[in-house]
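The entries follow in the order in which I made them.

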Amino acid sequence: MIMEKLKVLHVDVGGCEGCNVSIIRAYPKLMDLIELDISYLRKEEYKLDEYDVAIITGGACMNEPRILEELKEIREKAHTVVAFGSCATFSGILRFCRGGQEPRADHRNFQPINSVIKVDYSIPGCPPTPQMLRSFFKFYINGDERRLRLFKVSADIKKLSGFDLIDDILLTGLCIGCGACELSCPTNAIKLIDKRPNLVQEKCIRCGTCYIRCPRASQILSMGDAR
């Protein structure tokens, strides 16, 4: 019996393209499971009625009515909506520019996708690794709700950062000193000192990658309700 492939639409509403590259890198090992419609390979305009899953990258600019209407149309017609990357899940660098880029008032206009529409699953990261997307689709197709739990809980969270990691894991004595936070931080905002994370606040872009990669933090998220 040949399983029918999931029809997956990718829509980018604004970002640095890093998430899009990650999706393209993941696709060769997903071709047996999904049929991906991504703008880089698309020849014609997409038709929403034809897709099982919609993957959205980038943050939602609240001053762009066209973007907001497009998101609402996607939610209305797609069976499952996935926010991919930290700009889509928490707004990330679009809202909290750091590292020599001073936050400006217009940055506040960007919101996570779940501020505009209901999101079913979120895959945070700046960008998420191709392996994360491949794992998500394998769990999704197999209906593995236990392993999808972290993605599902993340869909209801609007902000997550290194500040939360310090508050929830370090200051509560739950840190095991594994270094996953330091290795995953895209801006080197976290340095391990005596096997404990130290946050350089000016560098944190609030992408939430460190929190999701922390084994203790992700376990707590998966076991509990949305923050």
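Which residues in helix 4 meet which residues in helix 5? Keeping in mind that I am reading a predicted model, I listed Met132, Phe136, Phe139 and Tyr140 on the helix 4 side, and Arg147, Leu148 and Phe151 on the helix 5 side.

Helix 4 spans residues 130–142 and helix 5 spans residues 145–154, and their axes come within 9 Å and cross at roughly 125 degrees.

Next I turned to helix 5 and helix 9, the latter covering residues 215–223, whose axes come within 8 Å and cross at roughly 80 degrees. Because angles of 65 to 115 degrees count as roughly perpendicular, I wrote down helix 5 as roughly perpendicular to helix 9. Here Arg149, Leu150 and Val153 of helix 5 make the contact with Ser218, Leu221 and Ser222 of helix 9, and the residues involved divide into three nonpolar, two polar and one charged.

My last entry concerns Leu33, which I found in the loop between helix 1 (18–26) and strand 2 (34–37). Is Leu33 buried or exposed? Its relative accessible area is 18%, so I recorded Leu33 as buried, the cut-off for that being under 20%. I also checked Leu33 against Asp194: the two are 161 residues apart in sequence, and their C-alpha atoms are 44 Å apart in space.

Notes: Residues are numbered from 1 along each chain as its sequence is written. This is a predicted model: local features need pLDDT of at least 70, side-chain atom pairs count only at pLDDT 80 or more; totals for chains, interfaces and linings use all residues. Side-chain values use heavy atoms; hydrogens and water are left out. Axes are lines fitted to C-alpha atoms, for helices over the stretch in contact, and angles run from 0 to 180 degrees between N-to-C directions. Helices (H or I, at least four residues) and strands (E, at least two) are DSSP runs, numbered from the N terminus. Contact means heavy atoms within 4.5 Å. Buried means under 20% relative accessible area, exposed over 50%, partly exposed in between (1.4 Å probe, protein chains only). Angles under 35 degrees count as roughly parallel, over 145 as roughly antiparallel, 65 to 115 as roughly perpendicular and the rest as oblique. Ala, Val, Leu, Ile, Met, Phe, Trp, Tyr, Cys and Pro count as nonpolar, Asp, Glu, Lys and Arg as charged, and the others, Gly among them, as polar.
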